[in-house]
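Take a moment to look over the chain and its fold. We will go through it part by part.

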Amino acid sequence: MTDSEKPGRGPGTGRGPGRPLGAAETPEKQWPPVTGSQRRPARLAFVAALGAAAILVSGGRSSLLVLIVGVLGLVVTVAALWGFLSNRSPLRWICAGVAVAAPITVIVCYIARGHVWDIVLTLLLAALAVAAARAALILARPPAGMPERETPPPIRPFLIMNPRSGGGKVARFALDDKATARGAEVALLDGPGQIDVAALARKAVADGADLLGVAGGDGTQALVAGIAAENDLPFLVVSAGTRNHFAMDLGLDRERPDAGLDALNDGVEVCVDLGLIGGRTFVNTASFGAYADVVQSPAYRGDKRGTMLELLPETLSGRRGPHLVVRIDGEVVIEGPKTLLVSNNPYEFGGPTELGRRARLDSGLLGVIAITVGNAEQAVELLRGRRGRGLRTLVAHEVLVESHATRIPVGIDGEAVLMPTPVRLTIRPLALRVRVPRERPGVPRSKPPIDLALLRHQALNTTRPAGGGTSSTRRGQRE
């Protein structure tokens with residue numbers, strides 16, 4: 001999340017909970033303390049970037065043609081990328097070819113004019129600048145992880161397992177047998193017809209279960225997690241789904257779902273938030289617009305990437321999907337986003353191809369990512385993972401999604417549903433007790449986006465923090 005769009009929280013802010021602070025209003029004292037280990041890579045990033053720019057300028061001055069070709073190549077590449085994203089006719093593949101050919105042509109031109117070393121040095125310095133910037137920003141991040149507490153093992157755990165999830169992980173890892181050996185009662189969702197998972201979980205609670213767990217997809221996890229929260233029971237996550245986003249952000253081992261069962265005998269508890277959408281629980285995300293529209297397609301399950309590529313042009317151009325109006329905490333209004341993603345706690349956004357992860361699940365805040373791409377420049381900024389005019393990231397306590405349509409498609413934890421408008425999303429802080437194994441991999445951190453304002457603050461700051469930095473800064477340095 002950008003600091004400029006975090007909601008004011010103190011009693012003296014004079015703002016509502018979801019109104020973003022403008023960048024110019026952010027006082028200097030809000031910046032985190034800067035240590036020498038942050039300052040050095042930040043300065044190196046700016047020096048390397050200036051060196052790369054100097055080489056490009058000197059190369060352009062020695063050959064006007066090279067400079068003109070470079071600028072034209074950039075313009076053509078940007079236009080071609082937009083043409084590829086916003087068209088579904090054969091023209092899109094012509095645009096794809098141009099987007100690849102344009103930079104190659106520029107490189108060939110540089111080589112022909114004797115600027116090979118200029119290219120090599122520029123690329124090396126650019127890579128050094130990015131690496132140094134990432135290192136400085138990583139050191140400034142607060143630590144990941146959530147408080148743990150010791151609790152006794154459950155006496156009557158009840159686990160629901162879907163044998164079809166994750167390509168058959170329940171059978172492949174013998175999860176039912178291993179859970180039974182640890183004293184759990186297991187219900188397999190393998191009967192004919194549709195099984196009412198909620199009714200199954202509620203019956204288990206009525207029969208005396210003191211823990212509910214799920215080995216399946218995030219949609220089933222969310223459903224049973226809501227029932228566990230209602231009854232103040234611990235919840236067990238077994239990463240037997242396809243992507244297991246919730247398990248990943250709990251720090252569980254997604255490659256070995258059976259390791260999650262260790263929590264039954266040797267585990268600790270963490271308390272996490274739950275998202276609510278129209279009274280329904282979600283553990284990861286609720287999506288509107290482009291992604292939600294794609295999820296509705298019958299072809300999506302069989303070919304996710306191909307379906308996304310097929311339907312994206314009409315969505316980006318505004319020819320597909322209802323018009324949305326988004327109200328955040330009653331104050332911030334986003335008009336007509338192409339895609340809206342509301343998450344249970346904010347994601348560390350690294351770009352459209354790297355949504356990132358949630359370092360914590362106990363902030364008591366919804367994350368909001370709104371994409372309103374309307375032209376080639378904004379599309380390229382988005383593809384590069386930059387926060388431009390086509391992308392907004394905020395945090396909120398309540399999100400209201402309105403539309404002229406009476407019902408709109410929504411993707412809830414990857415499942416397609418139609419919901420009546422307006423759609424209201426809120427968060428339930430620390431509503432769910434999750435039992436996790438004592439020994440687990442932990443939450444891997446995403447690459448932080450390049451925040452030039454913070455990077456500039458790190459590079460120019462000369463104040464030494466008292467005591468060598470805050471404890472959170474020192475912990476961040478050990479990541």
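**Salt bridges, cores and a sheet**

Arg 182 is partly exposed, because its relative accessibility is 28%. The model you see is predicted. The side chain of Arg 182 meets that of Asp 262 in a salt bridge, 2.9 Å from N to O. This pair links distant parts of the chain. Arg 182 sits in the loop between α6 and β2 (185–188), and Asp 262 in the loop between α9 and β5, 80 residues apart. Asp 262 is partly exposed too, at 33% relative accessible area.

Side chains of opposite charge can pair when their charged atoms come close. The structure holds 16 salt bridges. Another of them joins Lys 178 and Asp 258, again at 2.9 Å. Lys 178 belongs to helix α6 (residues 175–181) and Asp 258 to the loop between α9 and β5, so this bridge ties together parts 80 residues apart in sequence. Is Asp 258 buried or partly exposed? Its relative accessibility is 10%, so Asp 258 counts as buried. Lys 178, at 30%, counts as partly exposed.

Now find Glu 150 and Arg 438. Their closest N and O atoms are 2.6 Å apart. Glu 150 lies in the loop between α4 (116–139) and β1, while Arg 438 lies in the loop between β16 and α13 (452–460), so the pair ties together parts that are 288 residues apart in sequence. Glu 150 is exposed, at 56%. Arg 438 is partly exposed, at 33%. Elsewhere, salt bridges link Arg 149, Asp 232, Glu 269 and Arg 433 in a network.

Next, the inside. In soluble globular proteins, nonpolar side chains tend to be buried together. Here the largest nonpolar core has 36 residues. Leu 212, Phe 235, Phe 246, Leu 250, Val 272 and Leu 432 touch the most other members. Which helix gives the largest share of this core? Helix α8 does, with six residues. Leu 432 touches residues that include Ala 225, Phe 235, Phe 246 and Val 272. Cys 271 is also among its contacts. That cysteine is partly exposed, at 24%, whereas Cys 95 is buried, at 13%. A search of the whole structure finds zero disulfides.

Six strands form an open sheet in the order β12-β11-β10-β7-β14-β15, with antiparallel pairing. Its edge strands are β12 (391–396) and β15 (415–420), each pairing on one side only. On average, neighbouring strands are turned by 25 degrees against each other, direction ignored. Strand β11 (residues 366–371) pairs with β12 over six bridges.

Technical notes. Residues numbered from 1 in each chain as written. Predicted model: local features only at pLDDT ≥ 70, side-chain atom pairs only at ≥ 80, totals over all residues. Heavy atoms only, no water. Core = buried A, V, L, I, M, F, W, Y, C linked by side-chain atoms within 4.5 Å. Buried < 20%, exposed > 50% of the residue type's maximum accessible area, 1.4 Å probe, protein only. Helix = DSSP H or I, 4+ residues; strand = E, 2+ residues; numbered from the N terminus. Contact = heavy atoms within 4.5 Å. Disulfide = S-S within 2.5 Å. Pairing = 2+ DSSP bridges. Axes fitted to C-alpha atoms, helices over the stretch in contact; angles between N-to-C directions. Salt bridge = Lys/Arg side-chain N within 4 Å of Asp/Glu carboxyl O. Lists of a residue's contacts leave out its neighbours within four places in sequence.
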